[in-house]
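Take a walk through this model. We start with its pockets, move on to its charged pairs, and end with its helices and the chain as a whole.

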Amino acid sequence: MSLVDKINESIKDAMRAKEKERLEALRSVKAALLLEATKGGNSEITEQAEIQILNRLYKQRKEASGIFTAQARPELAEVEEFQAGVIESFLPARLSDAEVQAIINEIVSRTGASGMKDMGKVMSETNAKLAGKADPKFVADTVKKLLGA
């Protein structure tokens, strides 16, 4: 079942259960996916593109929640946190820090990377393998540390 189909089913379930907040979050995700699908004239988007869209939406909700919290608007921060949770439920399970480090170590040894000049090569492979499964900032920091930055 594709991500769009899962979201459509979740929308139906939320409508039946009269979960207004969940329905709002799901509709925003569906709208972002449809917008991306129709952008290039192609009606299909890849699974990797879907994950990137979900990650972007999740990150936006988390940043908005932080801003609302800093501005002493807890009711708005709570809405953003809830929507982030709904979006996160469709993302692939996150890997632990140890698992991410093990994958990065394997990629570094396989590519023969020895310094910062090889960071682009390592990051491209790492991002392809860990798309949506790890925090990109943590991945970049770990690669820099391993390559001696």
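The largest pocket has a volume of about 470 Å³. A pocket here is an open set of points on a 1 Å grid over the protein atoms alone, where a 1.4 Å probe fits, with protein on both sides within 12 Å along at least five of seven lines. Grid points are joined across faces, edges and corners, and the volume is the space filled by probe spheres set on the points. Lining residues have an atom within 4 Å of a point. The largest pocket has 17 of them, and those closest to its centre are Asn55, Arg94, Ala134, Asp135 and Pro136.

This is a predicted model: local features need pLDDT of at least 70, side-chain atom pairs count only at pLDDT 80 or more, and totals for chains, interfaces and linings use all residues. Residues are numbered from 1 along each chain as its sequence is written, and side-chain values use heavy atoms, with hydrogens and water left out.

Which helices supply the lining of the largest pocket? Helix H3 (47–70), helix H6 (119–129) and helix H7 (136–147) each supply at least two residues. Helices are DSSP runs (H or I, at least four residues) and strands are E runs of at least two, numbered from the N terminus. H3 gives the most to this lining, with 6 residues. By class, the lining holds 6 nonpolar, 6 polar and 5 charged residues. Nonpolar covers Ala, Val, Leu, Ile, Met, Phe, Trp, Tyr, Cys and Pro; charged covers Asp, Glu, Lys and Arg; the others, Gly among them, are polar.

The second largest pocket has a volume of about 190 Å³. Helix H1 (3–17) and H3 are the elements that give it two or more residues. H3 again gives the most, here with 4 residues. This lining has 7 nonpolar, 1 polar and 3 charged residues.

Now to the charged pairs. The structure holds 12 salt bridges. Each is a side-chain nitrogen of Lys or Arg within 4 Å of a carboxyl oxygen of Asp or Glu. Arginine 22 and glutamate 19 form one, at 3.9 Å from N to O. Arginine 22 is partly exposed, with a relative accessible area of 24%. Glutamate 19 is partly exposed too, at 35%. On this scale buried means under 20% relative accessible area, exposed over 50%, and partly exposed in between (1.4 Å probe, protein chains only).

Lysine 39 and glutamate 36 form another salt bridge, at 3.3 Å from N to O. Both lie in helix H2 (residues 20–39), 3 residues apart, about one turn of the helix. Lysine 39 is exposed, at 61% relative accessible area. Glutamate 36 is partly exposed, at 25%.

What does the salt bridge between arginine 110 and glutamate 125 link? This pair meets at 2.1 Å, N to O. The bridge links distant parts of the chain: arginine 110 sits in helix H5 (residues 97–111) and glutamate 125 in helix H6, 15 residues apart. Arginine 110 is partly exposed, at 48% relative accessibility. Glutamate 125 is partly exposed, at 28%. Salt bridges that share partners join Glu106, Arg110, Glu125 and Lys129 into one network.

Stay with H5. At 1.5 Å a residue, its 15 residues should span 21 Å, and its end C-alpha atoms are 21 Å apart, which agrees. The expected span is 1.5 Å times one less than the number of residues. Val100, Ile103, Ile104, Ile107, Val108 and Thr111 are buried in H5. Seen down the helix axis, the buried residues of H5 fall within an arc of 135 degrees, so they line one face. The arc is that of the directions from the helix axis to the C-beta atoms. The face turned away from the buried side of H5 carries the exposed residues Ala98 and Ser109.

H1 also has 15 residues and reaches 21 Å from its first C-alpha to its last, close to the 21 Å expected. Its buried residues are Leu3, Ile7, Ser10, Ile11 and Ala14. They fall within an arc of 105 degrees seen down the axis of H1, so they line one face of the helix.

Step back to the whole chain. The protein has 7 helices and 0 strands. Its C-alpha atoms fill a box of roughly 55 × 40 × 25 Å, taken along the principal axes. Of its 149 residues, 36% count as buried.
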